[in-house]
Amino acid sequence: MSRRSAPFVAPDYIDDPTSKDGKKHAKVLLSTLQEDIASFRDEQFPPDILRQIRDMPIYEGNLAEVQAYQQRWQTILERAMAFYPAANLPPDYLPLPASLEIPQFIYHVQRLHLTKTRAKESKSFGSVGALTDKCGDYSADEIARMSAVFDNDDEARLVAHREFIDLRAYVFCRDNKGEILEPERVRFYRTGLIVHALPDFKIVDSRQTPRKRRNDAYNNPLADNGIWKIYRKK
């Protein structure tokens, strides 16, 4: 099961968090948190008390080791939870955003399945100018084709797709009864993954054979600069 990230919520201690000034204040505080995380991460990651798995930013240890390492992050985690209060709580157990680059901690792990999957990044745009700012240059003919989309429909959008190989881990945990749960599909490369390994912990490494991506609903791009393919959004 794949997990999206928890939504951002302006902290309660900000005066009038829904106002323009309140939102600006929240962004400043979040930016400060991100700077503090980056500095702390430089000091504390990779972990010095855990063991690295393969060549991945994944580290495993017993219960005491993982708890000790998570405790080092506790102040950072509590600050992050003020902005993302739904993180890791029922019913959805959504993770913190990967952009924070806080390691993900998962306990009672019996098996780890490492995979590569062909995937795509997607961005949506309401103007050709905004698109080229993010996606780079295109030929004059391609610019004309993209511009024609907006000329004929004020509500049209363009979508840009970039293909890449996505690293994922399928994490199999045991519940309190000792039964294997449905796996969590975790993107870990940006944040790092910390797992509490149970006895007889196993690793399955399938990275040599990337899984096929599902068929794309978009075909015949309006433009293609070798990185981003551009389509009219359906």
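Analyst: Start with a definition: rings of Phe, Tyr and Trp pair if their centres lie within 6.5 Å. The model is predicted.

User: Which cluster do ring pairs link?
Analyst: Here ring pairs do the linking. The cluster consists of Phe8, Phe83 and Tyr84.

User: How many aromatic pairs does the count come to?
Analyst: A pair of aromatic rings is described by the distance of the centres and the angle of the planes. The distance rule, within 6.5 Å, decides what is a pair. By this rule the count is seven aromatic pairs.

User: What kind of pair do the rings of Phe188 and Tyr189 form?
Analyst: Their centres lie 6.3 Å apart. Planes under 30 degrees apart would be stacked, and over 60 edge-to-face. The planes of Phe188 and Tyr189 are at 55°, so the pair is tilted.

User: Is Tyr189 buried or exposed?
Analyst: Exposed means over 50% relative accessible area. Phe188 has 1% and is buried. Tyr189 has 53%, so Tyr189 is exposed.

User: How many residues apart are Tyr218 and Tyr231?
Analyst: The rings of Tyr218 and Tyr231 have centres 5.3 Å apart and planes at 45°, so this pair is tilted. Tyr218 is in the loop between β6 and β7, and Tyr231 is in strand β8. Both are buried. The pair links distant parts of the chain, 13 residues apart.

User: Which charged end sits over the ring of Tyr218?
Analyst: A charge over a ring also occurs at Phe45, where the charged end of Arg41 is 4.2 Å from the ring centre. At Tyr218 the distance to the ring centre is 5.2 Å. The charged end there belongs to Lys234.

Definitions and conventions:
Residues numbered from 1 in each chain as written. Predicted model: local features only at pLDDT ≥ 70, side-chain atom pairs only at ≥ 80, totals over all residues. Heavy atoms only, no water. Phe/Tyr/Trp six-rings, centres within 6.5 Å; stacked < 30°, edge-to-face > 60°. Buried < 20%, exposed > 50% of the residue type's maximum accessible area, 1.4 Å probe, protein only. Helix = DSSP H or I, 4+ residues; strand = E, 2+ residues; numbered from the N terminus. Lys NZ or Arg CZ within 6 Å of the ring centre and 35° of its normal.
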